[in-house]
Every structure is written in structure tokens, then in C-alpha cells.
Amino acid sequence: MPALACCVDAAAVAPPGYAAFVAGDSSLPAVVPFASSTLTAVNSNSTHWSPAHSSALYRIEGWGAPYFSVNDSGNITVRPYGTDTLAHQEIDLLKIVKKVSDPKSVGGLGLQFPLIVRVPDVLKNRLESLNSAFESAIQNQRYESHYQGVYPVKCNQDRFVVEDIVKFGSPFRFGLEAGSKPELLLAMSCLCKGNPEALLVCNGFKDAEYIFLALLARKLALNTVIVLEEEEEVNLVIEISKKLSVRPVIGVRAKLRTKHSGHFGSTSGEKGKFGLTTTQILRVVKKLQDSGMLDCLQLLHFHIGSQIPSTALLQAGVGEAAQIYSELVRLGADMKVIDIGGGLGIDYDGSKSGNSDLSVSYGLQEYASAVVNAIRFVCDRKSIKHPIICSESGRAIVSHHSILIFEAISATAPTAMNPADLPFILEGLSEDARADCWNLIDAGLRHENETCLVYADQLKQRYVDRFKDGTLGIEQLAAVDGLCDLVSNMVDASEPTRTYHVNLSIFTSIPDFWSIGQVFPIVPIHRLDERPDVRGVLSDLTCDSDGKIDKFIGGETSLPLHELEGNGGCGGGGANGRYYLGMFLGGAYQESLGGVHNLFGGPSVVSVSQSDGPHSFVVTRAVPGPSCGDVLRVMQHEPDLMFETLKHRAEEFCGQDHSDVGNYAALVGTIAQSFHNMPYLVAASPCSLTAMSNNGFYYPNEEDYNAAALESGASEDEHQSYCYA
């Protein structure tokens with residue numbers, strides 16, 4: 001590159017135009033904003049910012065409809081009844097946050113973040129909408145049977161989620177699907193209060209105990225179906241059912257040739273993990289026939305894969321399965337149900353695309369119509385009675401009802417050098433270093449942008465090497481770093497991406513992002529009436545480089561965000577200076593897959609129902625997140641013994657001064673309280689910033705402060721040396 005040839009100019013004379021450069025009026029050209037980005041386009045084309053601009057910027061109408069919107073105050077609201085929600089029934093998420101996080105002394109719940117907000121009304125609406133879609137398709141196509149789905153509990157095994165689904169699904173004969181022995185036990189227990197006709201579908205690999213439990217469930221008058229995943233399972237079913245004198249209902253899972261090419265299609269096709277080939281199905285039919293139990297075979301199950309992208313692929317798979325179903329009827333099986341498995345997708349990014357794992361090109365009605373049409377067509381052609389249609393739609397049922405809310409607690413500040421400081425910085429450099437810096441500036445002033453950026457990288461590396469060799473001081477290295485960053489920023493002319501540190505563990509609360517690259521919509525839940533003026537990535541609390549979110553919907557590598565007020569949490573604003581983000585559509589799988597990396601446990605959880613009260617909601621259930629002691633027990637530690645060890649150590653080294661008994665007692669109380677507190681950070685406050693100067697004692701809330709002070713027997717004057725947030 002010709003311009004680099006002049007970089008060894010020994011003259012340390014400032015290049016022409018330097019005065020303007022220092023004054024901040026550089027002639028370096030500004031780079032045109034990335035116009036292909038929808039997010040940037042909305043941001044740059046709006047002079048007056050409004051909630052509608054934020055809704056478009058974050059695609060809320062795309063992925064959030066009909067359950068989420070932005071109100072006039074710039075806060076995200078929940079529409080609990082979908083399209084039937086009236087204006088006064090919308091629930092403001094920021095009001096929930098305030099109710100949940102405010103201290104108990106002022107009427108709050110005193111819960112710590114992160115927080116999962118469950119909205120059972122949304123769960124109920126999803127069940128009703130799914131059943132309504134199938135009912136409409138069945139009536140329109142004159143289908144001569146009915147739909148009754150099951151919920152696969154693996155999507156979210158939380159007790160209250162499963163119990164709500166059984167309760168809300170009872171009018172529709174909605175059942176449960178289990179894939180393991182503990183899931184079977186919870187499904188059996190919950191369905192004792194459900195509709196007697198609701199199906200209990202038993203999937204997964206099975207041993208004798210699993211099959212015994214499933215047959216016992218049938219003996220307890222639960223509508224149980226044992227689905228064979230492996231050919232050998234039929235032998236156990238025949239043997240144990242005879243011992244228990246129970247006539248089983250049996251299903252077979254077929255491996256279809258139809259599959260989709262996305263990530264979630266890897267479990268389907270001839271080489272899929274589950275199911276029987278046509279040869280194996282024929283052998284199962286023969287064994288049942290020889291045992292006089294062919295009439296027990298009543299259900300055909302298959303699964304194309306999660307997030308089926310289009311109805312064309314769906315119809316191909318359902319049509320193939322309907323052909324197998326008709327053949328089983330011909331062979332003498334008493335077939336009654338076709339279970340189309342999961343696959344009903346949701347639109348994570350609002351694109352309505354059929355070419356992405358993040359979206360689907362259909363809605364509930366199109367999905368149901370495609371399924372009914374494909375089965376009816378085959379059955380009518382073969383003159384076969386229309387079967388009951390069952391689906392195992394988990395993701396589509398529970399994803400929307402759960403919102404993960406977390407705080408941004410700090411952000412990296414821009415580190416660009418002030419051009420006015422340049423003369424003082426260069427003054428401390430050697431003559432050859434100053435010459436290199438002038439040549440870098442000269443390349444920028446000549447509008448040689450590409451050359452300038454390349455040379456800046458080379459210059460930084462050269463002086464890093466000198467620093468490593470010990471021939472350059474840290475002040476000189478910092479000066480060169482600052483200059484290179486300054487010139488690069490002026491050439492690039494774009495706002496550097498900041499890192500927002502969030503009070504969250506991605507491994508615990510958003511494991512699919514880390515494990516399979518699943519992207520969820522993440523949006524500030526308030527301040528959406530303000531223009532987001534920076535872009536950032538999210539970094540969690542864990543000591544792991546993978547603990548960050550740098551991929552967002554729309555293919556973006558950063559997220560439009562607002563400046564943190566009051567130094568990241570101590571200033572004014574509608575949320576007391578705090579900045580809250582929400583991750584949406586995460587109700588499926590994230591809680592059941594989350595681990596305890598760095599011993600961060602799960603979030604606090606509240607359930608919220610729509611109410612006609614002043615705030616449009618009522619908190620019906622609140623559960624604090626696991627404490628430090630809880631997560632320690634998960635890894636086989638014993639918090640009680642740990643506390644005793646630390647207490648004795650404190651007595652040995654801190655309790656010898658009998659004149660300071662109050663502080664020793666408070667220290668022990670603080671250690672004890674730490675085992676009961678959540679592992680996550682406590683929200684910043686002016687008080688917490690001074691905690692280290694108060695004898696090292698810190699209390700996360702007023703109640704803990706009062707309790708510790710009472711235990712220590714400290715005087716009123718001594719109380720002033722403690723603080724609480």
C-alpha cells in the first residue's frame with residue numbers, strides 16, 4: 001500500500017490540517033449508517049421519538065402480537081386475552097416490577113431479580129386458541145372426528161404450569177405427554193383432577209418399571225397410551241400387562257421419510273433417534289397378533305421436528321403418516337388416534353419466514369387446516385373412519401406466558417481520546433513514536449480510510465510488542481492506544497458497541513442461547529418513549545466468556561439500548577433509575593434446561609392474573625429464587641456445617657476483643673444471612689456504595705438490617721454505622 005511507504009518519515013512535524021483535527025473539526029469523512037438494517041433505519045429516520053417507533057424498532061408487533069404491545073408511557077404491556085383484551089385490561093410490566101421489587105414495608109413483595117413473570121391468562125388463551133383453530137378446521141372441512149391435544153411436560157415441568165394446563169384444558173379433553181418416569185408420575189397425579197377422556201401419552205425409552213407405572217395408570221382409570229419407541233418394548237408390555245391383568249392401549253412411533261432441514265429437524269427422518277421403521281412396525285403387529293392383542297394397537301405417533309417452518313412440509317409429513325395409519329387399519333389394528341407430535345412453531349423474530357429456525361410462515365389456523373386436510377384426504381381415499389387428531393404442541397402453548405425480567409447494572413463507557421489532549425500525550429513519546437503517530441493522523445486527513453485503519457492496527461501491535469519487550473512504558477502504550485482508537489473512531493464514525501452488564505446467568509435462565517444459538521426477543525420493558533441512543537451487547541455475571549448475548553433478532557449483533565441513568569441504577573427515571581430488560585417467548589425449555597454454573601440458581605417467580613383493580617393485575621403467587629444455601633446443597637455441600645465452620649473461625653479471629661461484641665455478633669449474623677440470600681447482585685443504591693466503609697457489613701434490605709441489629713444488641717448510635725438498601 002503506497003500510503004504506508006511514507007510512515008517512516010522521521011520529521012515530527014504536525015501535518016497540514018492538524019489544527020482542525022485537534023479542534024474536533026476533522027476532515028475525515030463520516031461513514032454512511034448501515035442502511036440495510038431495519039433497526040438503524042428506524043432509529044435514524046425519526047426526528048421525534050414515540051412508543052410506536054420503539055415498537056417498530058424492536059419488531060414487537062411481529063413477534064409479540066397479540067399478547068404484547070407498548071403503551072403511551074413507553075412501557076411494555078401484556079394483553080392477557082390476546083385480541084380480545086380490552087384497553088383497561090392491559091397489564092403494565094413496569095408496574096409488576098415495582099410491586100414485586102418494592103420492600104414489604106411499602107407494600108411490595110421484596111423479591112430480588114432476576115424475575116420470571118408468569119401470566120396464566122395467556123396460557124389459557126393459547127390453549128383456547130389452539131383448540132378453536134382445530135375446531136374451525138374440522139367444521140369447515142366436515143371432518144368426522146375431533147381434536148384433543150396433549151401437553152409435553154418436558155417443555156416446562158413446573159407444577160403450577162402443568163396444573164394450570166390440566167385445569168384450562170379440561171373442557172377440551174386436553175391431556176399430558178410424559179417422556180420419563182418422574183414425568184409420568186407427575187402427569188398421573190395431575191390428570192387425576194383432569195377430564196377423564198384426556199389422553200396420557202407415554203413416550204420415551206422404557207424399562208419394566210416405566211411400563212408398570214403406565215399400566216397402573218390405566219388401572220386407575222386414566223386414559224393411558226404406551227407408545228413404543230423401540231421394538232423390544234412390546235415384549236415388556238405384553239408380559240407385564242398379563243401379570244397385572246390390564247388390557248393396555250398401545251401406540252407405535254413411526255420413523256417418517258419426511259423431515260425438515262433446520263436444526264430442529266435432526267430428530268426426524270429414517271436416521272432419527274426415535275421410532276420404528278416400517279419393518280419393525282410389521283414385526284410389532286405380528287407379535288401383538290400372536291398374543292391376541294392386536295386390538296390394543298390404537299394410536300400412531302410421529303414427529304417431524306420442532307419449529308416446522310411451512311404448511312407444505314407439514315402436509316407432506318402428515319400425509320405420509322396417514323398412509324401408515326391406513327395400512328395399520330388394513331392389517332387389523334383397532335386404530336383410533338393419529339398423534340402428529342410437536343412441531344407447531346412460533347415466530348421468535350416476527351419475520352413470518354419459512355426459511356429460518358427462528359420463524360414460521362403460518363398461524364394457528366393455517367396449521368390446523370393443513371393437518372385436518374392431509375388426514376381427511378388420505379382417509380377418504382381409503383374409505384377409513386376419520387381418527388381423533390392429537391398433537392403434542394408444547395412450545396406453542398407455554399412460550400408466550402412467561403417473561404424473564406432482569407436488570408442492567410452497569411455499562412462500559414466509551415474510551416475515545418479527546419483530540420484536544422493530543423499534544424500533551426504526544427509530548428511524552430519518543431521521536432520515532434511521534435513520527436509514527438503523525439503519519440497515522442496524516443493518512444486519516446488524506447481520507448485514506450482503509451489505509452488508516454490498517455496502519456492503526458499495525459501501529460498498536462508494534463508498540464504492544466515493545467511493551468512486552470520492556471522497552472516501552474505503560475504511559476506511552478496508553479497514549480498510542482488512545483490515538484489509534486481516536487483515529488479509528490473518526491474514520492469509522494459509528495458509535496462503538498458497549499457492553500451492558502446484566503444481573504443474570506445466561507446458563508441458568510437462557511441456556512438455549514448458549515447451547516444451540518437460539519435467539520429470543522430481548523427488549524427494554526420501559527423508556528420506549530425515548531430514542532435508544534447507544535448499541536450494546538449483554539454480559540452476564542458468570543466467570544465464563546460464553547456468558548454474553550451478542551446475537552439478536554433480525555440478524556443483529558448488538559441491541560439498541562438507552563443510557564443508564566444515575567450511574568447505572570441510582571438516579572431518577574420511571575424505574576427509580578434502574579434499567580430493566582425483558583426476554584420474551586422463553587416459557588418453553590429454558591427453566592428445565594438451566595443449570596447452576598457459578599452456582600447461580602433460578603430466578604424469582606411470580607404469577608400475575610388480570611384484575612379489575614386500579615393496576616389491572618393481581619399477584620396470585622410469589623416464590624423467591626433459590627438462595628446461596630439452596631444451590632450449595634445441589635452440589636452436595638452442607639450449608640449448616642459450612643456456617644458453623646465460619647462461625648468458629650470468626651470467633652477465633654474476630655471475637656477475642658470483648659469490647660466489640662456487637663460487631664462480632666453482627667458479623668456472624670451477616671454470614672448467616674448470606675446463606676439465605678440469592679446469589680445474584682443486590683440492586684445498587686447510595687447506601688450500598690458505602691457499605692465497605694461500614695466495618696464491612698452490608699444488609700440487602702431493611703428487614704435484614706433490623707434483625708441483625710437486634711441480634712447484636714447494638715445501641716442506637718451503633719445502628720448508624722450500618723446501612724441497608
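Biologist: Helix H12 lies across some strands, so at what angle does helix H12 run to E10?

Modeller: First, this is a predicted model: local features need pLDDT of at least 70, side-chain atom pairs count only at pLDDT 80 or more, and totals for chains, interfaces and linings use all residues. Residues are numbered from 1 along each chain as its sequence is written, and side-chain values use heavy atoms, with hydrogens and water left out. Helix H12 (residues 311–330) lies across strand E9 (250–253), strand E10 (297–301) and strand E11 (337–339); helices (H or I, at least four residues) and strands (E, at least two) are DSSP runs, numbered from the N terminus. Axes are lines fitted to C-alpha atoms, for helices over the stretch in contact, and angles run from 0 to 180 degrees between N-to-C directions; on that scale H12 runs to E10 at about 165 degrees.

Biologist: Which strands stand at the edges of the eight-strand sheet?

Modeller: That open sheet has the order E5-E6-E7-E8-E9-E10-E11-E12, with parallel pairing, and two strands count as paired if DSSP finds at least two bridges between them. The twist averages 25 degrees from one strand to the next. Each edge strand has a single partner strand, so one side of it is left without a neighbour in the sheet, and these strands are E5 (150–152) and E12 (388–390).

Biologist: How are helices H8 and H9 oriented to each other, roughly parallel or roughly antiparallel?

Modeller: Helix H8 (residues 181–191) and helix H9 (residues 208–219) pack with their axes 10 Å apart, at an angle of about 10 degrees. Lys181, Leu184, Leu185 and Met188 of H8 meet Glu209, Tyr210, Leu213, Ala214 and Ala217 of H9, where contact means heavy atoms within 4.5 Å. Angles under 35 degrees count as roughly parallel, over 145 as roughly antiparallel, 65 to 115 as roughly perpendicular and the rest as oblique. H8 and H9 are therefore roughly parallel.

Biologist: And what is the handedness of the crossing of H6 and H13, left or right?

Modeller: The axes of helix H6 (residues 120–140) and helix H13 (residues 364–381) come within 8 Å and cross at roughly 45 degrees. H6 and H13 are therefore oblique to each other. A crossing is left-handed if the near helix is turned anticlockwise from the far one by less than a right angle, and right-handed if clockwise. The crossing of H6 and H13 is right-handed.

Biologist: How many residues of E20 are buried?

Modeller: Buried means under 20% relative accessible area, exposed over 50%, and partly exposed in between (1.4 Å probe, protein chains only). Ser604, Val606, Val608 and Gln610 point one way from E20, while Val605, Ser607 and Ser609 point the other way, and all are buried. Strand E20 (residues 604–610) is largely enclosed by the rest of the structure, because its buried count is seven of the seven.

Biologist: In the hairpin of E20 and E21, which residue takes a positive phi?

Modeller: E20 is joined to strand E21 (residues 617–623) by six bridges, and the two run antiparallel. Val608 has Val619 as its bridge partner in E21. The hairpin has six residues between the strands, and the positive phi, near 70 degrees, belongs to Ser616.

Biologist: What is the bridge partner of Ser69 in E2?

Modeller: Three strands form an open sheet in the order E1-E2-E3, with antiparallel pairing. Three bridges join E1 to strand E2 (residues 76–78). In E2, Ser69 is partnered by Thr77.

Biologist: Last one: is Glu230 buried or partly exposed?

Modeller: Glu230 sits in the loop between strand E8 (223–228) and helix H10 (233–244). Leaving aside its neighbours within four places in sequence, Glu230 is in contact with Phe205 and Leu276. Its relative accessibility is 35%, so Glu230 counts as partly exposed.
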